[in-house]
Amino acid sequence: MAGAKSRKALLTVLGVLGAIPVASGLTGILGGPDRAPGGAPTTPSVDSEYRFVNTFWTAAGLALWWSLRRPEKRAATTRLVLATAAAGGVPRLISARRTGAPHPVFRAATVLELLVVPLVLLWHALVVRSGDQEPKKPGA
C-alpha cells in the first residue's frame with residue numbers, strides 16, 4: 001500500500017512539475033522576454049531566440065504530462081525531461097556568475113533544477129523499479 005501511495009504522490013508531483021514549463025513556456029512564446037520576471041524589451045534576435053526556446057520548454061512539460069498516462073512504460077521520457085531540466089540549472093549558474101544574480105523567480109528555478117528535480121528523478125526510479133517487481137493481478 002505504501003508503494004501505491006508513493007506512486008500516486010509521485011505522479012501528482014510530476015503533474016505539477018509539468019505545469020511549470022507549460023505555463024511559463026506559453027507565457028514566453030506569447031509574451032516574449034519583456035513578460036519574464038525581471039524582463040524587459042530586448043533586441044529582435046534575443047526576442048526570437050527566447051520565443052523559440054520556449055517552444056521546447058512547453059514541449060517538455062507536455063511530454064512529462066504524456067508520460068504520466070503510463071509511467072512505467074514511458075519512464076525513459078520522464079527521466080529524459082527531468083534530467084534535461086536538472087542539467088538546465090548548470091547554465092543558470094554560469095549566467096549568474098557571468099552577469100549577476102537573476103530575478104528571485106529564476107534563483108528559485110535554479111534550486112528546483114539542481115536540488116529538487118534530481119531527488120524527483122531518484123524517487124521516480126525507485127517507484128518504477130518497485131512497480132516492475134510487484135506481482136501482476138490475474139486478468140490485469
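Analyst: In this predicted model, Arg-74 is placed in the loop that runs between H2 and helix H3 (75-99). Arg-74 is buried yet takes part in no salt bridge. The nearest side chain of opposite charge belongs to Glu-72, at 9.8 Å, whereas a salt bridge requires a nitrogen-to-oxygen distance within 4 Å. A polar atom of the Arg-74 side chain does, however, lie 2.8 Å from the backbone oxygen of Trp-66. Leaving aside residues up to four places away in sequence, Arg-74 touches Trp-66, Ser-67 and Arg-69.

Glu-72, for its part, has a partner: its side chain forms a salt bridge with that of Arg-7, with N and O 3.0 Å apart. Arg-7 belongs to helix H1 (residues 2-31) and Glu-72 to the loop between H2 and H3, so this pair ties together parts that are 65 residues apart in sequence. Both ends are partly exposed, Arg-7 with a relative accessible area of 31% and Glu-72 with 27%.

The salt bridges number 3 in total. Another of them joins Asp-47 to Arg-51, whose closest N and O atoms are 2.6 Å apart. These two residues are both in helix H2, 4 residues apart, or about one turn of the helix. Asp-47 is partly exposed at 21% relative accessibility, and Arg-51 is likewise partly exposed at 26%.

A further salt bridge is made by the side chains of Arg-92 and Glu-113, at 2.7 Å from N to O. This pair links distant parts of the chain, with Arg-92 in helix H3 and Glu-113 in helix H4 (residues 104-133), 21 residues apart. Arg-92 is partly exposed, its relative accessible area being 28%, whereas Glu-113 is buried at 6%.

The aromatic side chains contribute 1 pair. The ring centres of Phe-52 and Phe-56 are 5.2 Å apart and the planes stand at 70°, so the arrangement is edge-to-face. An angle over 60 degrees is what places a pair in that class. Phe-52 and Phe-56 are 4 residues apart in helix H2 (residues 44-67), a separation of about one helical turn. Phe-52 is partly exposed, with a relative accessible area of 47%, and Phe-56 counts as exposed at 54%.

Note on methods:
Residues numbered from 1 in each chain as written. Predicted model: local features only at pLDDT ≥ 70, side-chain atom pairs only at ≥ 80, totals over all residues. Heavy atoms only, no water. Phe/Tyr/Trp six-rings, centres within 6.5 Å; stacked < 30°, edge-to-face > 60°. Buried < 20%, exposed > 50% of the residue type's maximum accessible area, 1.4 Å probe, protein only. Lys, Arg positive; Asp, Glu negative; His and termini not counted. Polar contact = N/O pair within 3.5 Å; in protein donor to acceptor, adjacent residues only side chain to side chain. Contact = heavy atoms within 4.5 Å.
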